[in-house]
Every structure is written in structure tokens, then in C-alpha cells.
Amino acid sequence: MASLPCSDHTAAIQEMVDGTLGAIRRSELELHLDQCDGCRALLKDLQRIRDAAGSLDRLAPPDRVWLQVAGRLRQEGRIRAAHTRPVTSRRPYVLTALAATLLLMIGGSVLFLLPATRGARQAATATGAPASPGVQPAAQVQGNAASKDAVQEGIEAEFRLAEQHYQNAITKLEEAARSSEDSIDPQTAAMLQKNLQVIDQAIAESSAAMRSEPTSVTARDSLFDALKRKVALLQDTIALMNEMRKGNAAGVAQLVDGVNKG
Amino acid sequence: MTRRPIAPFAVFALTLATALPAAAQVYPERIPTAAHARVQRDRTDRGQRDQNREEQTERTTKTVKIGATGELDVANISGDVLVTRGNGQEATIEIVKTARAQSADDAKALLGLVNVEVTERAGRAEVRTRYPSGDEIRGQNRRNVNVSVAINITAPAGTRVSAHSVSGNVSARDIHGELTLESVSGNVTITGGGRVAGAKTISGNVDITGVDVDGELEASSVSGNVAIHKGKARRVTLSTVSGGVALEDVDAERVSMQAVSGDCSLAGNLASGGRYELTSHSGEIRIAVSSGTGFELDANSFSGSIRSDLPLTGQTTGSGDRRGRPQRSLHGTYGNGSAVLDLTTFSGSIVISKR
């Protein structure tokens, strides 16, 4: 099994990815990275997460999201009360910046937390305890001195945001499919619809499981696997429809490759 | 969480009456409907209609010089593609067009509307099926072109083959050049062979037997089963949504098998140092291990049961909850623990047994 990253270096690795690590600590970390597979893997993962998050579409969060985040930041003592007022439509630039920040948080946190929670699954499921052993380092990196419950609550909020992000993407994709003037043949359409319903069922079941057991790593992994699968299937279905419209048989066949990803 | 209905597919299926170009013409049954039941009824109607129709067939054969390690690129729209191993430096391409219409004359006329172009250049041959455009069809007072084309190719063993069909099966036998076989609505079958770049379908099964791949083998379907029997590959990735995935007697160091509602099944030897990740949402995960390599097990299910018939050392279990639900995690080591089994299902069960 792949070695785990050293907890002593997790913070420095994240700072390196953020570009905030000083020269001396950077040199020390590089020496360590040369010798530690686990930390190298973590660095690579985080860099990939950063790149992936950077490529995501901007998301305009509803005001309640800001309130949740602001509340958490205030609880952690990281912002003053004056900064916590809700963003209004008169300050769209603030909202945009917030959206970008949230997007990075959402994308980064879900991608970061998922592998971590998978790794921590054994402990979490064996004891029925939250998956915090796998995710606490992320919280510590941010200098979070809040209680374990608060950390868990924050993580759950991030997952909810990530889930919302996926749902937004799904909504947009469904709108794109709806607006298409052409279509694939009815048998293939019916089959795809049926399979999307299968994925919907998986999403609904996993979501219900997360509501009943918020700390279940299996439920959480299952939910995000299903969401990712649906996004991929919708994206490639739209591409397939476009190729069908062109009457491009070879192109259609090529697209089978994409339709099956996810 | 807010569930979103899959409305677009109902909507776009309802907009099918729009005139479409060539690809549309191969679906004479195309009618504006979104209901699966309606589709099934159409299928039955079409079958009965075809039985009452006259059939005409046209068979032609072409030979192309592509060399022992040449390349074939086949794109069909409606009909099967089969590539089998031959000898020498040439590929023989048999094209069988089949038309159905109300009269024999009409069927014969339809045959002339569909062309199969074979082009050859520098060790590479392309086969393309061309249907008439919508305007051409309407110009002949027709609504559709009910013609399917079967393409049977005999090619040198080392030929690199890329074969696609929108509606039809795609198969290769004993071809050792790189294979990329894909279908939208049809099965993909590979028997023998050495390099499989991809074997994929949306609505159909993928079945691979007796391959020896020096690298990654990827196979997938959306609604069908994906199975590999007796073979070798460094890395295997299988996925489907509503079908099942199965691996039997395949030597591979890295295996990833994913299904949503179907089962995942792995039977055979595990590679020392190998890693096997099987995931299904509601399907069952079955592992049947042959004697030899041991493994480290990490099995998890949210609401299903987990059972190992093999003795595990250092075993830990996540107990069921107070409501008496079944065991939800099982971890431990069997034998030398040199392989890793990472098994996850949400509501299905997990069974590990000796083969």
C-alpha cells in the first residue's frame, strides 16, 4: 500500500503549493521530498487539485453560503465582525472574488478531502467515529484552533458546497442538452436516459445516507463518485448529440470513447 | 440535496422530427418519442415490417496492400464490422450491403444509394460507409434508406485496426496490431490479440478473450456488461453504469473495475504487488482467489454485508449498527499480503472466497 504523507510536513507541502513557503523551509522540504514517497505523492495531488480548481467555471454562490463561511471564519477568529456582513448586489466585485475563492475552496477541499477520507476509511468505519484522522491535517494547516466538532462541521459544509457545485454543473449540462435542436436516435436516447436514472438513484441513496450518517466515508465517496459519473456522462452525451447532428459517423464512434469515461 | 430530473432527454427525444443528415437516415424507425416503451414497440414493429419486406443483397470484395504491419481504419454506420487474421501483406475487404423494401426492385434501388469507399495509401487503408444526404433521399421521394452494411476483413496479424460502427457489432480475431474497437449500439468482441488500445460501446457488451497486452487495457460500456477472460495486461480498467464487469483468469498488476448498478467480479490469481480496486454502488462484489499470492483486504459497504471465506490475520471489522444492519467493513491480511484488494460498495454485498 502507498505510504502516507508525514504529518509534520503536511503544512509545508500545502504552503509550497500555495507559493507561500519561505526559501529555507522550502529547501528543507525539498530534501525531505527526495526521500519520502508519501509526501511526494501528496505534493503531486495538491498541485493537481490546484490546477483542477483553477480550471473550474466561476460559481456565484447564494448569500447563505457567504453567511456560512463568514460564520465559520469568525468562529475561528480569522476575520473581524465588520467583515462578515452579507455581500449585496451593489458589490458584485466582492461577490465575484468570493465566488472564485469559494470555488477554490470547494474544488480544493473536495479533491483533497476525498483521498484523505478514503485513506482514513478503515479507522472511521471500524470505530464509527468521524473520518477526522484523515482530514485533520488539512484543518491544522489552516491554523484552525477550533474544536473537533467545529472542524467536522466545516468539512461537512465544504462537502455540501462541493455537492452543490456538481449539481449546478449537472443543471447547466441538462439545460444544454435541452436546448439542443437535434438528437441521437431514440433507442440510444432511451438507453442513456435509463442509465442517467440509475446514476440519479445512486446519488439519491448516497445523499440520503449522508443525511442519516454525515460521517460515513463510504456514503460520501459513493455520492461524489456518482456525481462525477453523471457529469461525465452528460458532457459526453451532449458531444455525441452534436456529432450525430453533423451526420459524422466516424466522429460518433470516436465519441464512444468519451461517453464511457467517468 | 435537490434532485434534478433528466428532462433534457425526454425533450430532445420529442424533437426528433427535425430533418437530419446522413446519420439520421439509418434509423428508419426514427419517430418523435421519448418513452422507452414506445421505442420497444417500434423495435417490434420494425422487426415485423422487415419480415414482410423484400431483401436484396450486394456483395463486393476489394483487396488492399497494407503490408504486414499496416493500418486499417473502418467507419461503418449501420452493420457489423469483423476483422480476422490472414496471411501475407494484403487485406481483403468483403462488403455486404443488405437492403429491405416493399419490393425487390425498390430494395435493389436502395443498394445503389449507399456506397462504401475504400481508399488506400502508404500502408494504410480507410473504409467509409456513405449514406445519401437528406436532400438526396427526399429527391427520390423516399423517407429513409433501409440499408445495412456488413464489413468483413481479413488482414495480416500485425495490422493496426481502428474500427467503429454506430449501430452494429465490432469484432476482431487474432489481430496482434493495436486495436481500437468502438460501437454506439452494438457489442465489441476481441478474441486473441496483443494490443488493445480501447474496446468501448455505449449500448452493448464488451467481451475480450485471450489477449496479451503489454500495457493498459481499457474497456467500457454504459448499459452493457464488460468482461475479460484469460489474458494478460499490465493495467486493466473496466467500467459500466448498469451492466456488470468481470475479470477471469487475467494477469494484471493494476485493476480498476467500476459499476453503478451492476456487479463486479474478479476470479483468478492476484499478482504479487498488484492492486485491485473494485467499486459498485448497488451491485455485488465477488472475489474468487486462486491459491498463491496473498492480499491485504480493505472492504467497505454502507449497508451491505461483507464476508470472507479466507482466513484473515490482523482482522478488524466495522460492526453493524444498533439497528442490526450487517457488517460494514472488513480489513485484514491473507497469506503474505503482497497484493491489495480495495473493495467498496454502497448497498451491495462483498464476498471473498477461494476459487
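The expected span of a helix is 1.5 Å times one less than its number of residues. Helices (H or I, at least four residues) and strands (E, at least two) are DSSP runs, numbered from the N terminus. This is a predicted model, in which local features need pLDDT of at least 70 and side-chain atom pairs count only at pLDDT 80 or more, while totals for chains, interfaces and linings use all residues. Residues are numbered from 1 along each chain as its sequence is written, chains are lettered from A and ligands numbered from 1 in the order in which they are written, and side-chain values use heavy atoms, with hydrogens and water left out.

Start with chain A. Eleven helices and zero strands make up its secondary structure. Chain A has 262 residues, and 50% of them are buried. Buried means under 20% relative accessible area, exposed means over 50%, and partly exposed lies in between (1.4 Å probe, protein chains only). The accessible surface of chain A is about 12500 Å², with 52% belonging to carbon and sulfur atoms. Such areas come from the Shrake-Rupley method with a 1.4 Å probe; for residues, only the protein chains shown count as cover. Contact means heavy atoms within 4.5 Å. Of the contacts in chain A with a separation of 6 or more, 68% are between residues 24 or more positions apart.

Now take helix α1 of chain A, residues 7-18. Its twelve residues should span 16 Å at 1.5 Å a residue, and its end C-alpha atoms are 18 Å apart, which agrees. Its buried residues include A:Ala12, A:Ile13, A:Met16 and A:Val17. After α1(A) comes A:Gly19, with a positive phi near 80 degrees.

Helix α2 of chain A covers residues 23-35. It has 13 residues and reaches 19 Å from its first C-alpha to its last, close to the 18 Å expected. Which of its residues are buried? They are A:Leu29, A:His32 and A:Leu33. These three cover an arc of only 105 degrees around the axis, so they sit on the same side of α2(A). The arc is that of the directions from the helix axis to the C-beta atoms. On the other side of α2(A), A:Ala23, A:Ile24, A:Leu31, A:Asp34 and A:Gln35 are exposed.

Chain B has another make-up. Its secondary structure comes to five helices and 26 strands. Of its 355 residues, 53% count as buried. Its accessible surface is about 14600 Å², and carbon and sulfur atoms account for 41% of that. Among contacts in chain B between residues at least 6 apart in sequence, 45% join residues at least 24 apart.

Next come the cores. A nonpolar core is a set of buried Ala, Val, Leu, Ile, Met, Phe, Trp, Tyr and Cys residues joined through side-chain atoms within 4.5 Å. The largest one has 112 residues. B:Leu217, B:Val236, B:Phe295 and B:Leu343 have the most contacts inside it. Its largest share, ten residues, comes from helix α10 (residues 217-246) of chain A. A second, separate core has 13 residues, including A:Ile13, A:Leu29, A:Cys36 and A:Leu46. Back in chain B, B:Leu217 touches residues including B:Val196, B:Ile208, B:Ile228 and B:Val236, leaving out those up to four places away in sequence.

Look at B:Asp73 in strand β2 (residues 71-78) of chain B. Is B:Asp73 buried or exposed? B:Asp73 counts as buried because its relative accessibility is 12%. Its side chain makes a polar contact of 3.2 Å with that of B:Arg124. A polar contact is a pair of N or O atoms within 3.5 Å; within protein, one must be able to donate a hydrogen and the other to accept it, and residues adjacent in sequence count only if both atoms are side-chain atoms.

B:Gly193 lies in the loop between β11 (188-191) and β12 (195-203) of chain B. B:Gly193 is buried, at a relative accessible area of 3%. Its C-alpha is 9.7 Å from that of B:Arg85, 108 residues apart along the chain.

Finally, two backbone angles. Most residues other than glycine have a negative phi. B:Ala122 has a positive phi, near 40 degrees. B:Ala122 is in the loop between β5 (115-121) and β6 (124-130) of chain B, and is exposed at 85% relative accessibility. B:Asp249 also has a positive phi, about 55 degrees. B:Asp249 belongs to strand β16 (residues 245-251) of chain B and is partly exposed, at 27%.
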